[in-house]
Amino acid sequence: MQLKNNKFIFFALWAVFISFLFNFFGYEIDELDAAARLFVRSGKADIRIFDEMGIPVSFNAKSKEEFVSPFYVIHYGLIYSEATQGRNERVGVHWREDSSVKYWNVSPPSVKEQYFRSAADWVVKNLTELKGQKHLVYNFDWEYRNYPNGKLKAPWWSGLSDAYAIILLLRAYDVYGDQRYFAAASDLYRSVLTPVEAGGSLLKLNGLPWIEEYVDFRAKPESM
């Protein structure tokens, strides 16, 4: 009986340890796994690098081609916006600290204000009209189990990325006063709240409004 109790305690403690490990270091473990698979497939050691203007360029083990993910441009653009700390323009809810950033644990090599503006300009430049609404279009395929043929087929968009970009653009508008940023934020705001069947990102989930993260307009909304 004592031996069984000891085994139970051992496995319970092991389960707690593994749970803690993957909850606390889950992102790092996932990044390490992706980097290892990328190196085996392509010989590249980094899953993401940054160009001379701070724009992140990504690599994936499933493809030997490099690509720019709109989400990461926005994500790092918001980190770069912290270089404007202390400026009087930093007011409003869109300047509230994002408590999730600390969980990413992958910082850019440097944080410069010029990189902040570069990211905002990238968003404006790459805003594309697709199915009647403005989106940051993903021009690469992405495996996703429940979609036709098990992948999102380019071009597709993300309600998450489009909505996230609004924060970056409003921050850039506050700091630089460039009307292009406000206009782009307005276009994305309308797009995010437009139903998927009309070219936007809004669905109903259990009768409630839901902004869909992955939108392939060729798939039926109920299968998303």
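Trainee: Are Y80 and Y115 buried or exposed?
Mentor: Both Y80 and Y115 are buried. Keep in mind that this is a predicted model.

Trainee: How many aromatic pairs does the structure hold?
Mentor: There are 17 aromatic pairs. Y80 and Y115 form an edge-to-face pair, because their ring planes are at 65 degrees, with the centres 5.2 Å apart.

Trainee: Which parts does that pair tie together?
Mentor: Y80 lies in helix α3 (residues 70–80) and Y115 in helix α4 (residues 113–126), so the pair links parts 35 residues apart in sequence.

Trainee: What about F140 and W142, how are their rings arranged?
Mentor: Edge-to-face, since the planes are at 70 degrees; the centres are 6.0 Å apart. F140 is buried, at 16% relative accessible area. W142 counts as partly exposed, at 32%.

Trainee: Which residues are in the cluster with them?
Mentor: Ring pairs link F67, Y138, F140, W142, Y144, Y147, W156 and Y214.

Trainee: Switching to charges. Which ring does the charged end of R117 sit over?
Mentor: The ring of Y176, with the charged end 4.2 Å from the ring centre.

Trainee: And R218, which ring is that over?
Mentor: The charged end of R218 sits over the ring of F217, 4.6 Å from its centre.

Trainee: Now the surface. Which residues make the nonpolar patch?
Mentor: Y189, L193 and I211 make a nonpolar surface patch of about 290 Å².

Trainee: Where is Y189 found?
Mentor: In helix α6, which covers residues 179–192.

Note on methods:
Residues are numbered from 1 along each chain as its sequence is written. This is a predicted model: local features need pLDDT of at least 70, side-chain atom pairs count only at pLDDT 80 or more; totals for chains, interfaces and linings use all residues. Side-chain values use heavy atoms; hydrogens and water are left out. Patches are made of residues with over 30% relative accessible area and no salt bridge: like charges are joined within 9 Å, nonpolar side chains (Val, Leu, Ile, Met, Phe, Trp, Tyr) within 5 Å. Accessible areas come from the Shrake-Rupley method with a 1.4 Å probe; for residues, only the protein chains shown count as cover. A salt bridge is a side-chain nitrogen of Lys or Arg within 4 Å of a carboxyl oxygen of Asp or Glu. Helices (H or I, at least four residues) and strands (E, at least two) are DSSP runs, numbered from the N terminus. Rings of Phe, Tyr and Trp (its six-membered ring) pair if their centres lie within 6.5 Å; planes under 30 degrees apart count as stacked, over 60 as edge-to-face and the rest as tilted. Buried means under 20% relative accessible area, exposed over 50%, partly exposed in between (1.4 Å probe, protein chains only). A charge sits over a ring if NZ of Lys or CZ of Arg is within 6 Å of the ring centre and within 35 degrees of the ring normal.
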